[in-house]
Amino acid sequence: MAYAMEANRSEAERISGQLAAWDPPSRFGTHTLWRAFIAANLGDLEEAVQLLEQSVEEGALMRLIPHTEPSLKPLRGFPAFEEFARPKG
């Protein structure tokens, strides 16, 4: 994710691609969650939210608090993210 935060798009995309191709897939959505962090920091906000949703479907335990997680800071204020992060229940 450091490459994404440094705006090194090609290296960040390469790493995200490796995470997506991991075989067998990650347990509990971990790789997908990391891909969401990368996408958010590259400015691919829609993709980041889709990956967050996918990571939850894969069993990611959202121990992080979306509005305070530094890796998700670029998503703050983005409507789809706000809906994702809204308390459900």
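**Helices and rings in a predicted model**

Biologist: How many aromatic pairs does a search of the whole structure find?

Modeller: In this predicted model, a search of the whole structure finds one aromatic pair.

Biologist: What makes the pair of Trp-34 and Phe-37 edge-to-face?

Modeller: A pair of aromatic rings is described by the distance of the centres and the angle of the planes. The centres of the Trp-34 and Phe-37 rings are 5.4 Å apart, and rings pair if their centres lie within 6.5 Å. Their planes stand at 80°, and planes over 60 degrees apart count as edge-to-face. The pair is therefore edge-to-face.

Biologist: Where do Trp-34 and Phe-37 lie?

Modeller: Both are in helix H3, three residues apart, which is about one turn of the helix.

Biologist: Why is Phe-37 called buried?

Modeller: Phe-37 has 6% relative accessibility. Buried means under 20%, so Phe-37 counts as buried.

Biologist: Is Trp-34 buried, exposed or partly exposed, and what makes it so?

Modeller: Trp-34 has 39% relative accessibility.

Biologist: What makes H2 roughly antiparallel to H3?

Modeller: The axes of H2 (residues 9–21) and H3 (residues 30–42) come within 9 Å and cross at roughly 160°. Angles over 145 degrees count as roughly antiparallel, and therefore H2 is roughly antiparallel to H3. The crossing of the two helices is left-handed.

Biologist: Which residues of H2 and H3 meet?

Modeller: From H2 come Arg-9, Ala-12, Glu-13, Ile-15, Ser-16, Leu-19 and Ala-20; from H3 come His-31, Trp-34, Arg-35, Ile-38 and Leu-42. Seven residues of this contact are nonpolar, two are polar and three are charged.

Biologist: How do you know that Ala-12 is buried?

Modeller: Ala-12, in helix H2, has 2% relative accessibility. The cut-off for buried is under 20%, so Ala-12 counts as buried.

Biologist: How many residues apart in sequence are Ala-12 and Asn-41?

Modeller: They are 29 residues apart in sequence, and their C-alpha atoms are 9.5 Å apart in space.

Biologist: What elements does the chain have?

Modeller: There are five helices and zero strands. From the N terminus on, the order is α-α-α-α-α.

Biologist: What part of the chain do buried residues make up?

Modeller: Of the 89 residues in the chain, 37% are buried. Among contacts between residues at least 6 apart in sequence, 51% join residues at least 24 apart.

Terms used. Residues are numbered from 1 along each chain as its sequence is written. This is a predicted model: local features need pLDDT of at least 70, side-chain atom pairs count only at pLDDT 80 or more; totals for chains, interfaces and linings use all residues. Side-chain values use heavy atoms; hydrogens and water are left out. Axes are lines fitted to C-alpha atoms, for helices over the stretch in contact, and angles run from 0 to 180 degrees between N-to-C directions. Helices (H or I, at least four residues) and strands (E, at least two) are DSSP runs, numbered from the N terminus. Angles under 35 degrees count as roughly parallel, over 145 as roughly antiparallel, 65 to 115 as roughly perpendicular and the rest as oblique. A crossing is left-handed if the near helix is turned anticlockwise from the far one by less than a right angle, and right-handed if clockwise. Contact means heavy atoms within 4.5 Å. Ala, Val, Leu, Ile, Met, Phe, Trp, Tyr, Cys and Pro count as nonpolar, Asp, Glu, Lys and Arg as charged, and the others, Gly among them, as polar. Rings of Phe, Tyr and Trp (its six-membered ring) pair if their centres lie within 6.5 Å; planes under 30 degrees apart count as stacked, over 60 as edge-to-face and the rest as tilted. Buried means under 20% relative accessible area, exposed over 50%, partly exposed in between (1.4 Å probe, protein chains only).
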